[in-house]
Every structure is written in structure tokens, then in C-alpha cells.
Amino acid sequence: MRTDARRNRDELLRAARALFIERGTDVALEAVAQRAGVSIATLYRNFPDRTALVRAVVLDGIGSMREAARRARDGIADDPAGAWHTFVETAAALRAGVLMPMLQPILPDLATDPELSRARTEVVEAVGDLVAAAQRHGQVRSDVAADEIMLLIMAIARPLPALPEEHVPEFIERALGVAVAGLRPDSGPALPGRPVAMRVPGEEHPDRTGQ
């Protein structure tokens, strides 16, 4: 792909993600093209329909999460707290908790679409490896699963509708600080029950504890 074509595609994905968060996935595709600074024809050359664009946004988000987890895992031995905090902040900034309800119609494809399924497997492994490393380096308590941490981050990055938009960044920053403190090994007594794992329709996998 030519450099300018790649740039246009990346701008379209950034614009689509932002507008999906702001207005939902039924936002006019013309608005996505306008936000990206390209023509609607360029949008359709990259994404023939809305479903293709939504799918691409999902894949891009999963890829960003995977790479953030791998970077943190590679750097955690040198700077355990810094690497872990950077990952948590990056994961929250992706605002997956806002996007997931909008993407519900394509979630079954995570189990049947080879590319989506592979991307999910890779991000699950990357986050699991990072959480295991964070546990070894004293950043995360041992009785928490990687999936539980991701659900916590997604919930924090999806503030209540009543919260004014201008307060969202401050809320997320403070809530993440509370979460990171609560995940530390010295944060309190053992948690009730067993660690749990997220499930995707049509997919079977064992519980993952991050250990």
C-alpha cells in the first residue's frame, strides 16, 4: 500500500473510532470522511460498507491493545510500575468500554471470522503474559485474572452518562489510580470466589488467571 493510501486509511480509522464513540456506529459515513479529511469515495475504496469499517475499527483497536501489552511486558523488568501504569492508561484511552456495546452485532464473528479470532487470541495472550509479568514484579495481586483487569479498565473508561463530558478525563485518571492501587498485592485480603474469564458467543476456552 502506498504511503498516502496508508495515511488515508489510518486517518479514516481514527475518525471512525472517534465518531463511533461520540455518536454511535450509525453515524453518517460522510461525517467520517469529513473528519478524516478525505472524500467519501476514498472511504468506500478502503471500506466498501459500514460493516467493513466497523470490523476494521475493531481489528485496529485489538491490535493497539496487543502492541501496548507487548511493549509493557518487554519493559516491565526495568520499570515495573511505569510499564504497568502506562499500559493501564493506554488501554483506557482506547475506550473499548464505550465501543463494545455498539459493536455487539459483530461480536459472534470473533469466534467464526479467522482474522478476528486470531487477533483476539493474540491480544488475550499478550495481556495474559503482561499480567503474569506484572504479578511476578509485584504490581498485581495473584488472585486476579487478566480478563477481570480488562473488564475493570473498560468499565472505568465508560463513565456514567450523567457525567459531564468535560469531567470524563479527570474521572478516568482518578478511577484508574484507584484501580491500580487496588490491584497491588498488598491492597487487602483475598478476593471472594474464583477468577473469571470473558466469553465470546460460540467460543470455548478455559479460565485464565494471568499466572
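This is a short tour of a predicted model, stop by stop.

**Before you start.** Residues are numbered from 1 along each chain as its sequence is written, and side-chain values use heavy atoms, with hydrogens and water left out. In this predicted model, local features need pLDDT of at least 70, side-chain atom pairs count only at pLDDT 80 or more, and totals for chains, interfaces and linings use all residues.

**Whole protein.** Show the cartoon. You have ten helices and zero strands. Helices (H or I, at least four residues) and strands (E, at least two) are DSSP runs, numbered from the N terminus. Buried residues make up 44% of the 211 residues. Buried means under 20% relative accessible area, exposed over 50%, and partly exposed in between (1.4 Å probe, protein chains only).

**Stop 1: helix 1.** Select residues 3-23. Helix 1 has 21 residues and reaches 30 Å from its first C-alpha to its last. That is close to the 30 Å expected at 1.5 Å a residue; the expected span is 1.5 Å times one less than the number of residues. Now show L12, L13, A15, A16, R17, L19 and F20, which are buried.

**Stop 2: helix 2.** Select residues 29-36. Here L29, A31, V32, A33 and A36 are buried. What covers them? The cover includes helix 1, helix 3 (40-46) and helix 4 (50-75). G37 follows helix 2, with a positive phi near 75 degrees.

**Stop 3: helices 5 and 9.** Select residues 80-93 for helix 5 and 146-156 for helix 9. Their axes come within 9 Å and cross at roughly 55 degrees. Axes are lines fitted to C-alpha atoms, for helices over the stretch in contact, and angles run from 0 to 180 degrees between N-to-C directions. Helix 5 and helix 9 are therefore oblique to each other. Angles under 35 degrees count as roughly parallel, over 145 as roughly antiparallel, 65 to 115 as roughly perpendicular and the rest as oblique. Show W84, F87, V88, A91 and A92 in helix 5; they meet I149, M150 and I153 in helix 9. Contact means heavy atoms within 4.5 Å.

**Stop 4: helices 9 and 10.** Finish on the contact: I149, L152 and I156 in helix 9 meet F171, I172, A175, L176, A179 and L183 in helix 10.
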